[in-house]
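Please read the following report with the sequence and the model side by side.

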Amino acid sequence: ALGSYQDCAARVTACRDAQSEEERLKKEKQEQERQIAERKAKEAAAKKKQAIIIGVSAALLLIAAFFVVTKVIIPKGHYDQGVSLRAAEKWDEAIAAFEQAGDYTDAVVQIKVTRYQEGKAKQAAQDWSGAVVAFEQAGDYSDATMQILETRYQEGKAKQLAQDWDGAITAFKAAGDYSDAAMQILETRYQVGKAKQSAQDWDGAITAFEAAGGYSDAAMQILE
């Protein structure tokens, strides 16, 4: 009977040990599964984070590339084209190119520079009206305002030389107080008097000398 009791107790102990081992293995398996799941979750989160970083980086690169193309490369092309067209004296085309360059570097100023250079070129070609318009469009660039008066003065001298008396007087009047424009009006009136005197247009000569006022010997020419 004692043997049977001891055998039974041993079996109980063995069963308990087996149950404990089973529970231990089960917990160990659960821990392993938890660790595996946690590792997979971390790996998935890392991959997702990496994908987001790559996506954001790609978007930023596209934005940067778009900015460089639209704000630098394309405007620079228009700007350089404007410089070349201006050198070829294609004024309106150069202006259009600088306008397309937008706010790239000093494109806005270059529009005024172009108009100023156009004014100087037309002034040299004796395109007086064209020069005046160009200088007006140059606005406050350099001495554009003064060049308008200079243009009118040069126009007066050229027309004076061509004996276009009325044209000369009109131009000198437009020159205002620039240089000796006022004196040149009197000089022109005097020359009109001399021309009419030579043509024996006595009344016309007297009228012209009277208009010349105190210039030179105008008063004496009236008596003559």
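## Salt bridges along a helix

Glu38 and Lys42 both lie in helix H1, 4 residues apart, which is about one turn of the helix. Helices here are DSSP runs of H or I with at least four residues, strands are runs of E with at least two, and both are numbered from the N terminus. This is a predicted model, in which local features need pLDDT of at least 70 and side-chain atom pairs count only at pLDDT 80 or more, while totals for chains, interfaces and linings use all residues. Residues are numbered from 1 along each chain as its sequence is written, and side-chain values use heavy atoms, with hydrogens and water left out.

The side chains of Glu38 and Lys42 meet in a salt bridge, with 3.5 Å from N to O; the term stands for a side-chain nitrogen of Lys or Arg within 4 Å of a carboxyl oxygen of Asp or Glu. Glu38 also forms a salt bridge with Arg34, where the closest N and O atoms are 2.8 Å apart, and these two residues likewise lie in helix H1 (residues 2–87), 4 residues apart, about one turn of the helix. In helix H5, Arg152 and Glu155 are 3 residues apart, again about one turn of the helix, and they form a salt bridge whose closest N and O atoms are 2.8 Å apart. Salt bridges that share partners join Glu31, Arg34, Glu38 and Lys42 into one network. By the rule given above, the count comes to 12 salt bridges.

How accessible are some of these partners? The table lists relative accessible areas, where buried means under 20%, exposed means over 50% and partly exposed lies in between, computed with a 1.4 Å probe on protein chains only.

| Residue | Relative accessible area | Class |
|---|---|---|
| Arg34 | 42% | partly exposed |
| Glu38 | 33% | partly exposed |
| Lys42 | 54% | exposed |
| Glu155 | 7% | buried |

Glu150 lies in helix H5, which covers residues 144–161. Leaving aside neighbours within four places in sequence, Glu150 is in contact with Gln123 and Tyr178, where contact means heavy atoms within 4.5 Å.

Helix H3 (residues 107–124) and H5 pack at an angle of about 10 degrees, with their axes 11 Å apart. Axes are lines fitted to C-alpha atoms, for helices over the stretch in contact, and angles run from 0 to 180 degrees between N-to-C directions. H3 and H5 are therefore roughly parallel to each other, since angles under 35 degrees count as roughly parallel, over 145 as roughly antiparallel, 65 to 115 as roughly perpendicular and the rest as oblique. Where the two helices meet, Tyr116, Lys120 and Gln123 in H3 touch Ala144, Gln147, Glu150, Thr151 and Gln154 in H5.

## Nonpolar cores

A nonpolar core is a set of buried Ala, Val, Leu, Ile, Met, Phe, Trp, Tyr and Cys residues joined through side-chain atoms within 4.5 Å. The largest one has 8 residues in all, namely Tyr153, Ala168, Ile169, Phe172, Ala175, Tyr178, Ala181 and Ile185. Helix H6 (165–174) and helix H7 (181–198) each supply at least two residues of this core, and H6 gives the most, with 3 residues. Ile185 touches Ile169, Phe172 and Lys173, not counting residues up to four places away in sequence. A second, separate core has 7 residues, including Tyr116, Val132, Ala138 and Ala144.

## Distances and loops

Some pairs of residues give a sense of the spacing within the model. The C-alpha atoms of Arg34 and Trp165, which are 131 residues apart along the chain, are separated by 108 Å. Val133, in helix H4 (residues 128–137), is partly exposed at 42% relative accessibility, and the C-alpha atoms of Val133 and Arg39, 94 residues apart along the chain, are separated by 78 Å.

Glu89, in the loop between H1 and helix H2 (91–100), has a phi near 60 degrees, a positive value in a residue other than glycine. Gln126, in the loop between H3 and H4, has a positive phi of about 60 degrees although Gln126 is not a glycine.
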